[in-house]
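Dear colleague,

Please find the structure below, handed over for your reading.

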Amino acid sequence: MRKLLQYLFNYRLRALIKKEFNQIRHDRRLAFSLIVPPILQLTLFGFALSAAVSNVRLGVVDDNRSPESRELIATFTESKSFRLAGYYSSVDQLGDAISQGNVDAGMVVPYDYARDLVRERQTTVQFLLNATNANTATISRAYAESMIQNYDNGLRSQGVSARIQRVTGSQLGLRGQVQLQPAFLYNPGLVDSWFIVTGVLGLLLILNSSLVASAAMVREREAGTIEQLLMSPASTSEIIIAKIAPLFLLLFLMMLVAFGVVKFAFGVPFQGSVLVLLCGGALCILSGISIGTVIATFSKSAGQAQLTSFFINPPLSALSGALNPIEAMPRWLQPLTVLNPIHHFATIVRGSTLKGSGFMNLAPNFLGLLIFTLVFVSLSIWRFRKQLS
Amino acid sequence: MRRIVAQARKELTQIVRDWRTLALALALPVALLLLLSVGLSLTVNELPLVVQDFDGSTASNGLIDAFRASITLHVVSWPVDKTAEEALASNAARAVLIIPSHFGRDMARGVNAPVQLMVDASDANTAKLVSGDASQITSAYNQRMAGGMQTGPVQAAIRLWFNPGLSSKKFYGPGIFVLALSMFPPLLAALAMAKEGEQKTILQVYVSSIPAHEFLLGKIIAFMAVALAECLVMSLLLFTYFGLSFAGDPTPVVIATILYAFCVAAFGTMIGAIIPNQAAALQAVAVGGFLLVFLLSGLIFPVENIPEGLRWISYIVWGRYYIEIVRDALLQGGGWPAVWFQVLIIGVIGAGFYGLAWHGMRKMQVKA
């Protein structure tokens with residue numbers, strides 16, 4: 001063990017690491033660009049991105065104009081889900097308003113609405129929804145249905161259709177109702193930003209560490225100083241380790257600041273062990289760095305390296321489940337997330353902050369990250385050696 | 001005019017020479033369109049649901065069958081000796097349905113029987129979908145058990161317009177089309193422009209007979225051509241694989257596309273002129289072209305959900321207006337009355353970028 005440590009931190013390596021640190025210190029912009037933009041992005045996206053559906057703009061055609069119809073309209077518009085955007089005099093006008101995007105939903109109350117209610121007949125209210133956005137449409141449909149249901153229940157208790165109910169009750173014999181009692185675990189207030197920031201955190205870590213690492217690795221080649229490094233007695237692994245170590249420390253610092261933002265600006269609860277979180281973060285940074293290193297070995301200049309990362313980063317972030325649920329992807333793509341470090345890190349972060357899962361529950365994700373990192377680090381060392389010879 | 005064409009031809013030759021830039025220009029947009037359209041949607045299918053049935057009666061089995069029939073939920077098995085929370089903590093399930101003992105007996109006696117649904121709410125949007133779906137399933141079950149007689153006095157007849165199948169592909173396809181157009185042409189333009197500054201070839205331009213505005217126009221036209229070629233390839237995909245077609249008058253979207261191609265090409269050239277460093281220019285385009293358009297344009301998350309203090313940013317995100325135009329043309333069909341303002345704004349922003357690029361180029365001359 002001691003020998004290993006001695007080997008790991010021999011004077012050659014120490015000198016190389018010191019050199020890298022000096023270079024970073026001279027490059028103030030790097031340290032600045034590593035800390036400030038990611039934190040800004042995290043805050044911006046956390047506050048700005050929300051899939052919540054509220055204040056759906058509702059246009060109304062009220063052909064009945066009775067107290068009953070106005071009450072129904074008020075039930076909709078006084079809720080947080082819908083907002084009255086205007087009254088229209090005909091269905092055609094309402095249709096135009098929907099297709100021009102002035103309103104998102106429309107409700108048409110028929111002229112015989114109040115009469116039917118009084119006569120205890122069933123009456124139908126038409127509800128139009130702009131369904132271009134499938135997610136919003138699904139949720140607003142559920143809102144509308146539950147609102148109508150609540151309104152119905154309210155009518156029943158007022159006695160409008162009490163008679164009907166009593167008759168059916170006696171006809172069918174006694175029959176209980178299933179009452180669903182939903183309990184929202186881990187996020188009872190249904191705060192949208194918690195899901196977003198915990199996902200964006202992984203995105204930022206991987207994207208930034210791969211960019212910074214590829215830039216640092218390619219710089220020596222661009223400047224032509226790589227030959228001098230090779231002339232030194234240091235081995236290739238030592239050169240790579242010395243390059244990675246300072247970057248790792250910087251990125252780790254950035255991660256700590258980001259965790260602070262997640263905790264204090266967004267109020268995400270840290271239920272689980274901080275150690276698990278930090279271990280996951282360290283692995284995530286390492287895997288990001290190893291992606292960057294591999295990219296660097298395929299490119300000749302910083303510009304090329306960044307260009308290459310454009311081929312890798314979008315699919316990596318889109319198919320990670322960081323911003324949307326994995327179940328929204330097609331079945332055949334879902335298993336591919338096993339190869340995605342952002343997915344594993346997002347699961348670890350969500351597990352150990354929101355859910356309080358321990359290491360045992362997250363072991364598969366740790367294993368995934370570890371394997372990913374090992375494969376990519378050895379790939380980069382191999383590519384690096386091959387290029388040198 | 002001849003000078004402009006010559007400049008544009010030179011740019012296009014340079015693009016074709018390097019496989020990286022060529023792939024970036026043509027292959028990557030298509031790949032992105034295919035990949036993101038499946039990777040972005042929020043509509044979920046087959047969410048794993050664990051059922052813990054402590055009753056085991058016919059009634060409880062009937063309820064479970066109702067859940068099994070759902071498309072959104074997918075009942076998975078879970079060992080009885082493990083607690084329900086463990087299924088959620090280990091990500092084996094998104095929700096757990098717990099049916100207590102005496103459920104069947106209570107139902108038969110006519111007492112209301114409570115059933116608990118524990119939802120993993122770490123993803124609030126999905127949690128809402130799950131609980132909404134579950135409550136619809138239970139109320140349908142209740143109605144069926146009551147012989148379908150207990151429907152309320154007021155019924156809602158809900159019509160879904162423009163996308164009745166609730167296919168998220170049709171919604172995200174146009175959005176990602178816009179994202180790809182906002183990302184790749186300006187990227188190439190910024191790289192080309194920054195390269196001139198980095199390698200000091202811009203000095204040759206200054207001493208040649210071509211004036212600054214013609215030089216810029218030549219560059220912009222070249223990258224407009226790239227953008228329009230991308231647009232053509234991707235719309236082919238939109239009309240076939242995504243099953244979209246023009247819902248109304250196609251003239252607004254055609255004019256807007258040409259203006260938008262100008263706008264993004266001018267944006268890239270502007271960045272390249274202001275930041276004469278390839279790596280830094282690339283990062284600036286990545287922030288402007290990708291992050292802003294990706295996140296603040298209403299591509300995935302509605303603009304209305306952005307808090308007031310930040311929403312003004314989205315008013316200057318050019319992609320936002322183009323997304324509205326493309327969605328209108330392919331889904332809603334509102335035509336000119338719906339989108340004339342958006343078309344105008346794109347033109348204004350494009351002209352603004354052109355002006356700034358000119359300004360930046362003059363400054364670059366001072367520096368060089």
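Predicted model: local features only at pLDDT ≥ 70, side-chain atom pairs only at ≥ 80, totals over all residues.

Strands here are DSSP runs of type E of at least two residues, helices are runs of H or I of at least four, both numbered from the N terminus, and two strands pair if DSSP finds at least two bridges between them. Ala95(B) has Val119(B) as its bridge partner in E4(B).

These strands belong to an open sheet of five, ordered E5(A)-E4(B)-E3(B)-E1(B)-E2(B), with mixed pairing. At its edges are strand E5 (178-185) of chain A and strand E2 (73-76) of chain B, each pairing on one side only.

Helix H3 (residues 58-68) of chain B packs on the sheet, touching E5 of chain A as well as strand E1 (47-53), E2, E3 and E4 of chain B; contact means heavy atoms within 4.5 Å. Helix H6 (residues 124-145) of chain B also packs on the sheet, touching E5 of chain A and E1, E2, E3 and E4 of chain B.

**Domains**

An automatic or database domain assignment divides chain A into domain 1 (11-49 + 188-388) and domain 2 (56-159).

**Conventions**

Residues are numbered from 1 along each chain as its sequence is written, and chains are lettered from A and ligands numbered from 1 in the order written. Local features need pLDDT of at least 70 and side-chain atom pairs count only at pLDDT 80 or more, while totals for chains, interfaces and linings use all residues; side-chain values use heavy atoms, leaving out hydrogens and water.

Note on methods:
Axes fitted to C-alpha atoms, helices over the stretch in contact; angles between N-to-C directions.
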